[in-house]
Amino acid sequence: MSGAVSLDATPAVSVIVPIYNAARFLEKCLSSLVAQTFDDFEAICVDDGSTDASANIVRGFVDRDERFSLVSKENSGYGASMNMGLDRARGRYVAILESDDFFDPQALELLVFAAEAADADVAKGNFWLYWSSPSERRVPFSVVDAPLVGRTICPRRDDDMAIFFRKPSIWSGVYRRSFLEENGIRFLETPGASYQDAGFNFKVWAAAERATFIADCVLCYRQDNEASSVKSSAKAFCVCDEYQSMAEFVDEHFSGAEATHLTGILERMKLDSYLWNYDRLDESLRPQFVERISCEMADDVAKGRVDRTLFEPGAAADFDALIADSKRFVRSRKAQTGPAGSVARYLVLGGMPLLTKALQFKARGHSARRTNQEGAAL
């Protein structure tokens with residue numbers, strides 16, 4: 001699948017590359033686009049006010065390859081960069097390549113072929129966890145597992161809802177641009193690069209009429225550049241804003257049984273995200289965060305938005321403690337960081353009865369999420 005694209009042609013794929021101070025990784029990232037076996041694409045590089053050599057690196061690619069363009073703007077965050085890229089995209093499909101990651105040479109070919117063959121709104125693949133030091137290493141990460149491979153589904157109507165709970169790896173897929181535009185799927189423009197992928201991911205799975213899945217790993221997701229704990233009060237509640245945006249999307253686009261189903265999924269997703277966020281927060285920010293999410297979740301229960309069938313025993317105990325006994329919740333999170341891990345957490349939350357129930361549930365393996373704590377398929 002090839003054929004060079006000219007500036008006057010409409011490319012098959014618009015690849016959006018959001019950039020902020022990524023000079024260390026950017027050459028490898030953009031070179032992975034040049035190396036694609038599928039060359040009918042445009043690369044829209046959006047520089048979010050970088051203060052390093054990022055813009056100069058992009059200019060080098062622009063000078064050598066007409067498929068590359070540079071969009072420079074003042075620093076305003078990841079969501080604003082992605083939306084600017086979406087506004088400029090001309091392709092039939094949109095792909096996302098973050099500036100510290102890099103594509104497998106066949107990534108676009110595999111994803112576009114799958115999308116075209118299935119007439120899909122989205123085609124999704126797996127990816128590699130990648131480390132460059134102390135030595136180069138790749139570990140496969142499966143968001144698409146055997147029950148999904150080769151299938152084309154409407155995720156909100158399918159009995160298998162696991163994809164909603166997998167890591168929101170929005171860069172290991174392609175999206176029909178008209179599908180994104182018709183459903184108003186964009187990014188929330190909150191500070192920094194925090195959580196906006198979760199909202200985009202959920203809206204895609206909620207709205208897609210046809211989503212198709214492949215087993216191939218299409219991208220290396222860099223682990224050398226992982227963010228440290230959140231110390232900014234401005235960012236601490238971005239995850240709450242993101243989930244509010246998702247809830248509004250459901251309310252605006254769906255009704256009846258579909259809205260109820262998606263709301264239940266969203267509430268279960270929310271607990272996972274809030275717990276992950278809590279564990280990354282600086283100690284000084286945790287009390288205020290717990291107070292806010294406790295009130296929010298109590299309100300969700302009062303409004304009938306919670307589907308308790310989606311909560312495993314441990315998750316149900318976390319949820320109930322957050323609402324009714326925040327001090328016990330805090331003790332349980334501290335206990336989990338110790339040598340006994342989740343066992344200690346269960347004992348704090350519900351003693352031996354909860355531990356026994358959780359172990360029995362795990363042995364049966366009946367979770368509809370089929371997802372581990374890292375967001376990978378079980």
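Start by selecting W131 and R137. The charged end of R137 sits over the ring of W131, at 3.9 Å from the ring centre. Keep in mind that this is a predicted model.

Next, select K28 and F102 for another charge over a ring. K28 lies over the face of F102, and the distance to the ring centre is 4.7 Å.

The structure holds 19 aromatic pairs. One of them is formed by Y278 and F329, so select these two residues. Their arrangement is edge-to-face, with 65° between the planes and 5.3 Å from centre to centre. Show the helices around them as well: Y278 belongs to helix α9 (residues 256-280), while F329 belongs to helix α12 (residues 326-336). The pair therefore ties together parts that are 51 residues apart in sequence.

For a group of rings, select Y78, Y175, F187 and F200. These four residues form one aromatic cluster.

The last stop is on the surface. Select V343, L347 and M352, which form a nonpolar patch there. How much accessible area do V343, L347 and M352 have together? The value is about 250 Å².

Key
Residues numbered from 1 in each chain as written. Predicted model: local features only at pLDDT ≥ 70, side-chain atom pairs only at ≥ 80, totals over all residues. Heavy atoms only, no water. Phe/Tyr/Trp six-rings, centres within 6.5 Å; stacked < 30°, edge-to-face > 60°. Helix = DSSP H or I, 4+ residues; strand = E, 2+ residues; numbered from the N terminus. Lys NZ or Arg CZ within 6 Å of the ring centre and 35° of its normal. Patch = residues over 30% accessible without salt bridge, like charges linked within 9 Å, V, L, I, M, F, W, Y side chains within 5 Å. Areas by Shrake-Rupley, 256 points an atom, 1.4 Å probe, with all protein chains shown as cover. Salt bridge = Lys/Arg side-chain N within 4 Å of Asp/Glu carboxyl O.
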